[in-house]
Amino acid sequence: MPVHKSLLPSLLVLPLVACGVPVSGLHAADPPASESPGGLVVAAEPLAAAAGTLMLDRGGNAIDAAVATGFALAVTYPAAGNLGGGGFLVARIADEDGATRTFALDFREVAPAAATADMYLRARAEGRESASTLGGLAAGVPGTVAGLISAHERFGRLPLREVLAPAVYLAENGFNMTRRTAGFLASPGIRAGLESDPASRRLFYPEGEPIAEGALFRQPDLARTIGGIAEMGAQGFYEGEIAALLVSTMRRSGGVITLEDLAGYRPVERIPVTFPFAGHTIVTMPPPSSGGICLQQMLTMLERIGSEGAGLAEMGHNSSASLHLLAETMRRSFADRNRFLGDPDFVDLPLRRLVERGYLEELVRSIDPDRATPSADLPGGSAPGREREETTHYSVLDAEGNAVAVTTTLNGAFGGKVLVEGAGFLLNNEMDDFATEPGEPNLYGLIQGEANTIAPGKRPLSSMTPTLILTPDGAVRGVLGTPGGPTIITNVLQVILNLLVHKLPPQAAVNAPKIHHQHLPDAIWIEAEIVEDVRENLRRRGHEVRPRGWIGDFQLIWIDPQSGRALGASDPRGGGSPIVQ
Ligand code: DON
């Protein structure tokens, strides 16, 4: 398709609001967020956020902006932005008839028709130890293109060509390699993986060395692929030349996705998980994400604790008493997650029971305020899949109050490290989110949930939790989400608590140090900024405390209740930025 060169000046003059919070700013009490009188996009990479804001400037709505940002991230943030992966979208959006509704779209990858429950056990027995994480066999049938295009068909206002033009432009003309991606490419583990695939090696290590920060990075094959999608819609990806290239990549990389798998992929509209918390309504992702159900369980438990005695606010933000309670609710919710949750189209999930008040009160009563409950004493007791730490989230708000939260992933950084030759995009390794060894101990010596075993056409259980916070009258108060595997759920939990219970300003809510507990292993992971005194008090209560590097890369939009202004807060742990209209 013709490239809209006129876009470049627009991209360059957009107000690039740098996050401006240095790493030491994680300690800052009240760092500023970026403010917008109109709409804004907050994403993990500024050019991609600018692509979205450009759509708002041109009269597009939040869906146009989200789709433009999603495709641009596939170009500018290849570790996690993607065409060859999947994700979830949660929106509050005006329909064609003017009625405002909340909407959840599941474009998670599915297991190919040739997948079997024991496929990775067999691969391992044949000496292919990493088959669920590295190479073509790790890939599920991609959902991102179908998902974003269907959201655009349903709610978008601008022509698809215009919405995808920034992504085509950035792929064709190139952009300066970001520090973050350059760092990934140079890191030995990622380099070894990407260099094991000839097409990835040629793209990312053209002279035998990783593309350096600041160097012009052009992706002409990817530009053609996105240009074809702009012309033909999702068919331009799931059928014809691109589908054929994907299938021939499968042949050389040990994968099993067929033309029929691709032609048969469909995103699924789901009913969002919706529940009250602290005078607001939380709208979030249902299964096959575990995020919404766990969030509802944990917030309801914590609200219950608050109504019976000293609540989290009185205990103090990140005090040992409040972190102990957080860890205990996380432990209980993850025990349920790992035992009961999976793809709702394949397994009967006891969802009503899991969020029933009486059941959650029972869980609350089992919490000792002074003592950690050993995870072994709780039922459940299976580990989540070995989720990898690279995914990305973007939050969008338009001037009319439409809001879109999208979390998308290839699973691991650069997915299975396999690039579709001639089409320029990477394939996911999402199959590793299934319980790949049913009935057998996994790498950690744990038995994984039956609900999440592999079957053809099934979606692997996810933790991705794109979320909206609505006011009592249904207006948007917050748009949020983060990467981080299982820490996604506990991070979203803590940012909601920081905003609604501890009343922190948005940037401080994002920056605040986080903890994570996932039932097993039986330990609290804790970011460095949580002080030693608090750690010691947690140890005294019987917790094993494990230090952990940064948790997440949060992207938050918050509408200030007093001024009504939209504020964007991008996580200083990552390289993103709010871009305001
Ligand atoms: O769907 C999931 O839960 C995982 N595949 C997400 C992985 C992830 O967040 C890694 N990111 N940092």
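This is a predicted model: local features need pLDDT of at least 70, side-chain atom pairs count only at pLDDT 80 or more; totals for chains, interfaces and linings use all residues.
Let me begin with the seven-stranded sheet. It is an open sheet whose strands follow the order β1-β18-β17-β13-β12-β9-β8, and the pairing is antiparallel.

Strand β8 is joined by five bridges to β9, residues 280-284, and the two run antiparallel, with F277 standing opposite H280 in β9. In the loop between these two strands we find A278, and its phi is near 50 degrees, which is a positive value in a residue other than glycine. Is A278 buried or exposed, or something in between? It is partly exposed, with a relative accessible area of 29%. If we follow the chain past β9, we come to the loop between β9 and α14, residues 291-308, where P288 is found, and here a cis peptide bond joins P287 and P288, with omega at about 15 degrees.

Next, please turn to β17, residues 555-559, which belongs to this sheet. Five of the five residues of β17 are buried, so the strand is largely enclosed by the rest of the structure. Their side chains are divided between two directions, with Q555, I557 and I559 pointing one way and L556 and W558 pointing the other. On one flank, β17 is joined to β13 by two bridges, in the antiparallel sense, and V479 stands opposite I557 in β17. Strand β17 also pairs with β18, residues 566-570, again antiparallel, over five bridges, and there W558 stands opposite L567. The hairpin formed by β17 and β18 has six residues between the strands, and in it G564 takes a positive phi near 75 degrees.

Which helix lies across β8, β9, β12, β13 and β17? That is α19, residues 487-500, and it runs at about 20 degrees to β12.

I would like to move on to β2, residues 40-43, where L40 and V42 point one way, V41 and A43 point the other way, and all are buried. Strand β2 is joined to β10, residues 391-397, by three bridges in the antiparallel sense, and the bridge partner of V41 in β10 is V396. With β19, residues 577-580, β2 pairs antiparallel over four bridges, and here L40 has V580 as its bridge partner.

There is also an open sheet of three strands, in the order β14-β15-β16, with mixed pairing. Its edge strands are β14 and β16, each of which pairs on one side only. Two bridges join β14 to β15, and these run antiparallel, with I526 in β15 as the bridge partner of I515. In the loop between β14 and β15 lies P521, and the peptide bond from L520 to P521 is cis, with omega near -5 degrees.

Let me turn to a pair of helices. In general, two packed helices are described by the angle between their axes and the distance between the axes. The axes of α2, residues 46-57, and α6, residues 160-173, come within 9 Å and cross at roughly 150 degrees. Angles over 145 degrees count as roughly antiparallel, and α2 and α6 are therefore roughly antiparallel to each other. Their crossing is right-handed. Where they meet, α2 brings L47, A51, L54 and M55, and α6 brings E162, V163, P166 and L170. Sorted by class, this contact has seven nonpolar residues, no polar ones and one charged one.

My last point is N318, in the loop between α15, residues 312-315, and α16, residues 320-340. The phi of N318 is near 55 degrees, a positive value in a residue other than glycine, and N318 is buried, with a relative accessible area of 15%.

Technical notes:
Residues are numbered from 1 along each chain as its sequence is written. Side-chain values use heavy atoms; hydrogens and water are left out. Two strands pair if DSSP finds at least two bridges between them. Contact means heavy atoms within 4.5 Å. Axes are lines fitted to C-alpha atoms, for helices over the stretch in contact, and angles run from 0 to 180 degrees between N-to-C directions. Buried means under 20% relative accessible area, exposed over 50%, partly exposed in between (1.4 Å probe, protein chains only). Angles under 35 degrees count as roughly parallel, over 145 as roughly antiparallel, 65 to 115 as roughly perpendicular and the rest as oblique. A crossing is left-handed if the near helix is turned anticlockwise from the far one by less than a right angle, and right-handed if clockwise. Ala, Val, Leu, Ile, Met, Phe, Trp, Tyr, Cys and Pro count as nonpolar, Asp, Glu, Lys and Arg as charged, and the others, Gly among them, as polar.
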